[in-house]
Amino acid sequence: VIRCRAAVAWAVGKPLSVEEVEVAPPKAGEVRIKIVATGICRTDDHLLEGCFPKVDFPVIPGHEGAGIVESVGDGVTSVKPGDKVIPLCLPQCGECSFCLNPESNYCLKSHISEPQNLLPDKTSRFTCKGKQIHHFLWVSTFAEYTVVPEYAVAKIDAAAPLDKVCLLGCGFPTGYGAAINTAKVKPGSTCAIFGIGGVGLSVVMGCKVAGAARIIAVDINKDKFAKARELGATDCVNPRDFKKPIQEVLTEMTGHGVDYSFEVIGHADTMTAALASCNMSTGVCVMVGVPAAGSVISINPMLLLSGRTWKGTLLGGWKMRDCIPKLVSSYLEKKFNSDLLITHTLPIAKVNEGFELLRAGK
């Protein structure tokens, strides 16, 4: 058993508490990882606010991390102690009907099908003050050590800087893949991105790499526009600068609406606005942001009847175990610069300050 620090969420709406926790050794088919760095993703904030579905408290959040394998359980062959790895919040078991479908990146072992609050044997590897602590998406990167199933770990290049590639565990591939894999943005096209936080900026990067001619960043926080332009946005629009709905503004800017729109916030009203912003015949709208549990959207069916396509994406459509190592290699080859998404670096003891910066839009 390893004793280490972890940021524990004891209850909904409470700040995280940095505690000493015990992390049990890995059982058969499991891997124990020393987490070196983790990003803070808005999904972790949803968890703390109680808007993330099917989570049990107390829990150790965090799902965007990178680390080094400390030990492995019986039967583990794909990684060994000392390997650099990224734990995967969307597993790839390799056996279910979705994993076997080359066009799908879903896995029946994921949280949407059955909660990942305990490891597959329905027990936890975390205890604190004599209490069982739950896992989050099996990953729990807000702990200095964590245990995950082997099919939720990807071995990456030994040269990868863990404090930079931790973003490749969730935020960056989600946005980048939404443009490249899900929307399949075409060269010369026009794109609009609603919400330009870390994931939205990753969509901007994906649209640019795909050859989009016009990339319109939409956000009510104008402080984010400089970074959006640096990463490839050609236009930046603040909906608060206009009296009319943003979908009308975008339609006027582009003639008949954009070719591709991306909603990267998770609000019902911006989801319908993003759909209405793309052109009525061939426009594609991709839902990237995670709505609060129980959200409902009502739309005018004519928006779809005329030919628009509305689709969702989970982690940017990447088959995680197969693709994350390749994305890390692309990062090392400087095919994209995800380092520009990093705004602050804090020690684990200041994790709550990180969430304050996130909520302040900084």
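Strand 1 and strand 2 (residues 17–23) run antiparallel, with seven bridges joining them. Keep in mind as you click around that this is a predicted model. Strand 1 itself covers residues 2–8 and is mostly tucked away: five of its seven residues are buried.

Next, strand 3. This one spans residues 30–38 and pairs with strand 8 (residues 145–149) through five bridges, running antiparallel.

Now for the annotation. An unreviewed UniProt entry lists residues 13–361 as "domain: Enoyl reductase (ER)". In the model, that span is 26% helix and 19% strand, and its end C-alpha atoms lie 19 Å apart.

Last, a single side chain from the helical part. S330 belongs to helix 10, which runs over residues 320–332. Is S330 buried or exposed? Its relative accessibility comes to 18%, so S330 counts as buried, given that the cut-off for buried is under 20%. As for what surrounds S330, set aside the neighbours within four places in sequence and you find contacts with K335 and F336.

How values were computed
Residues numbered from 1 in each chain as written. Predicted model: local features only at pLDDT ≥ 70, side-chain atom pairs only at ≥ 80, totals over all residues. Heavy atoms only, no water. Buried < 20%, exposed > 50% of the residue type's maximum accessible area, 1.4 Å probe, protein only. Helix = DSSP H or I, 4+ residues; strand = E, 2+ residues; numbered from the N terminus. Pairing = 2+ DSSP bridges. UniProt positions renumbered as here; feature names shortened; annotations may be inferred. Contact = heavy atoms within 4.5 Å.
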